[in-house]
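Please read the numbered points beside the sequence and the model.

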Amino acid sequence: MRRKPRIPPSPLPQRDGVDPVRIKLPQSGEWATVREHLVERLAAGPGVIDGMIGDGLIVGEDGRPLTVDAAYVPGMFVWFHRELPDEERVPFELDVVYRDEHIVVADKPHFLATTPRGSHVAETALARLRRELDLPTLGAAHRLDRLTAGLILFTVRPEERGAYQSLFRDKLVGKEYEAVAPYDAGLDLPRTLRSRIVKERGVMAAREVAGEPNAVSRVELSEHRDGMGRYRLTPSTGQTHQLRVHMNALGVPILGDPLYPVVTGPVPAGDFRRPLQLLARTLEFTDPVTGRAHRFVSERVLRAWTSYDDWAQ
């Protein structure tokens, strides 16, 4: 078995709970200097890269700033901090429901991304928890969509993260979601949906295509009133937007969904109205490190069910 290549520890500390960017230089190329490669790779323009190098912001494995004429060495690593975007704070609390020396389980609000990505960097669940709990080694074992609320598992020790991630890979985690969507008296439920879902890079919505199923969801109706239903959703796979796609395929798209059935225009920054009515309600697993059986339940509510007028305003 081929040994996994060693990745040296970062010589730069985190900033606002966000890790520095790590870049490994390709084993082959025609670049004479690290600067030449970064200008081409990052597409930030030579002025930006020269400015960062001049300010000592790009460092090597020893933590020393690179010089503008630093020779290109195949396979070497460099680090730098990205410029953090001007982010609107998500004005909802991120609750910790459990914590021990191995894991943290958090109850994420709507609109908060799980991990840094794109325009959401410091204002993410991972970065917030690292700052608030003073746990710079914290890592996410899985993810929830930014618009979905509910339970997320984080790991405290990097060397144990793989063990917890394998629980999700091997389908050893029990997950139940709750959703509010239109009620259709003619819909035959409960039902298990099986389809093939693809999500293409650069395309906002996922879609179902012909082929071997890679997404399986159990859909049950818990109760209904006033033309709305409260649904219990149990996925046994984890494709992007899976539950949202399957509910839309049934003709009952989840309330507040900006992608299904129709992709709507972007919501202005700071607009936290009408959150997607999807909640990761329960998380159940046996701890692979301690052997302890865990079952966690979110205490959040879906406001379209408890107070529709308040949600819809």
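Which side chain meets that of R273 in a salt bridge?

1. The partner is D271: the side chains of R273 and D271 meet at 2.9 Å, N to O. A salt bridge here is a side-chain nitrogen of Lys or Arg within 4 Å of a carboxyl oxygen of Asp or Glu. R273 counts as exposed at 57% relative accessibility, whereas D271 is buried, with a relative accessible area of 19%. Buried means under 20% relative accessible area, exposed over 50%, and partly exposed in between (1.4 Å probe, protein chains only).

2. The model is predicted; local features need pLDDT of at least 70, side-chain atom pairs count only at pLDDT 80 or more, and totals for chains, interfaces and linings use all residues. Residues are numbered from 1 along each chain as its sequence is written, and side-chain values use heavy atoms, with hydrogens and water left out.

3. The protein chain has seven helices and 13 strands; these are DSSP runs numbered from the N terminus, helices being H or I of at least four residues and strands E of at least two. Of its 313 residues, 45% are buried. The C-alpha atoms fill a box of roughly 70 × 45 × 40 Å along the principal axes.

4. The structure holds 20 salt bridges. One of them joins E220 to R232, with the closest N and O atoms 2.8 Å apart. This pair links distant parts of the chain, since E220 lies in strand β10 (residues 215-225) and R232 in strand β11 (residues 228-235), twelve residues apart. R232 is partly exposed, at 35% relative accessibility.

5. E223 and R230 also form a salt bridge, at 2.7 Å from N to O. Both are partly exposed: E223 has 32% relative accessibility and R230 a relative accessible area of 21%.

6. In helix α4 (residues 161-169), the buried residues are Y164, S166, L167 and F168. The buried residues of α4 pack against β4, β6 (149-155), β7 (174-182) and β12 (278-286), where contact means heavy atoms within 4.5 Å. K171, which follows α4, has a positive phi near 60°.

7. S28 is found in the loop between β1 (21-24) and α1 (34-42) and counts as exposed, at 58% relative accessibility. The C-alpha atoms of S28 and P74 are separated by 6.4 Å, although these residues are 46 apart along the chain.
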